[in-house]
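Here's a quick walk through this model, starting with its charged pairs and then moving on to the sheet and the core. Keep the structure open while you read.

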Amino acid sequence: MTADRHEDTTQTDTTDAKTPEKRPTVVDTDTASDDAQALLYALQTDRLDVRAVTVVAGNVEFEAQLDNAAYTLSLADADVPLAAGARRPLAKSWDHAEAVHGETGLGEVTHDTTATATREYGPETILRLSRE
């Protein structure tokens, strides 16, 4: 093999290297402690562009879940729309898990944050954003 047929791999040309684009994301959550941690990660990573947070029935009272989502958004100083979704399970009885996640869903963490959700219903938010 001649020298002109070898590819020079000793130099890397970074002029064409692209920074990965952030992936547009909607976080659909019940905002108990595990989801709050995942939401914080999603808001802080350079790989995701969180466009909205929607809250659905989960482990504790629905209003506490909305408040937890608002509190988590405030911790990350995130200006992201918050939309309420299904306030109760659609196909089964609602089994709360206060024994696991505490009365508020965040264990022993308490806060005075009160959610202000958008007027748009959570599923409508997801559909609208998926079409953009």
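E132 pairs up with R128 in a salt bridge, with 3.2 Å between the closest N and O atoms. This is a predicted model, so treat every value here as computed from it. R128 also meets the side chain of E120, at 2.9 Å from N to O, and E120, R128 and E132 are linked in a network of salt bridges. How exposed is E132? It has a relative accessible area of 63%, which makes E132 exposed. R128 is partly exposed at 36%, and E120 is partly exposed too, at 23%.

A search of the whole structure turns up four salt bridges, including these:

| Salt bridge | N to O distance |
|---|---|
| R87 and E63 | 2.7 Å |
| E120 and R128 | 2.9 Å |
| E132 and R128 | 3.2 Å |

Three strands form an open sheet in the order β1-β2-β3, with parallel pairing. β1 (23-29) and β3 (82-84) are the edge strands, each pairing on one side only. On average, neighbouring strands are turned by 25 degrees against each other, direction ignored. β2 (residues 48-55) is joined to β3 by three bridges, and V53 has L82 as its bridge partner in β3. Helix α4 (residues 122-131) lies across β1, β2 and β3, at about 155 degrees to β2.

What about the inside? The largest nonpolar core has 17 residues, and L43, V50, V53, V55, L66 and L82 have the most contacts within it. α1 (33-44), β2, α2 (62-75) and β3 each supply at least two of the core residues, with α2 giving the most, at five residues.

α2 itself is mostly covered, with 11 of its 14 residues buried; among them are F62, L66, Y71 and L73. Those buried residues pack against α1, β2 and β3. The helix length checks out as well: at 1.5 Å a residue, α2 should span 20 Å, and its end C-alpha atoms are 20 Å apart, which agrees. Just after α2, D77 takes a positive phi of about 50 degrees.

Key: Residues numbered from 1 in each chain as written. Predicted model: local features only at pLDDT ≥ 70, side-chain atom pairs only at ≥ 80, totals over all residues. Heavy atoms only, no water. Pairing = 2+ DSSP bridges. Helix = DSSP H or I, 4+ residues; strand = E, 2+ residues; numbered from the N terminus. Axes fitted to C-alpha atoms, helices over the stretch in contact; angles between N-to-C directions. Contact = heavy atoms within 4.5 Å. Core = buried A, V, L, I, M, F, W, Y, C linked by side-chain atoms within 4.5 Å. Buried < 20%, exposed > 50% of the residue type's maximum accessible area, 1.4 Å probe, protein only. Expected span 1.5 Å × (residues − 1).
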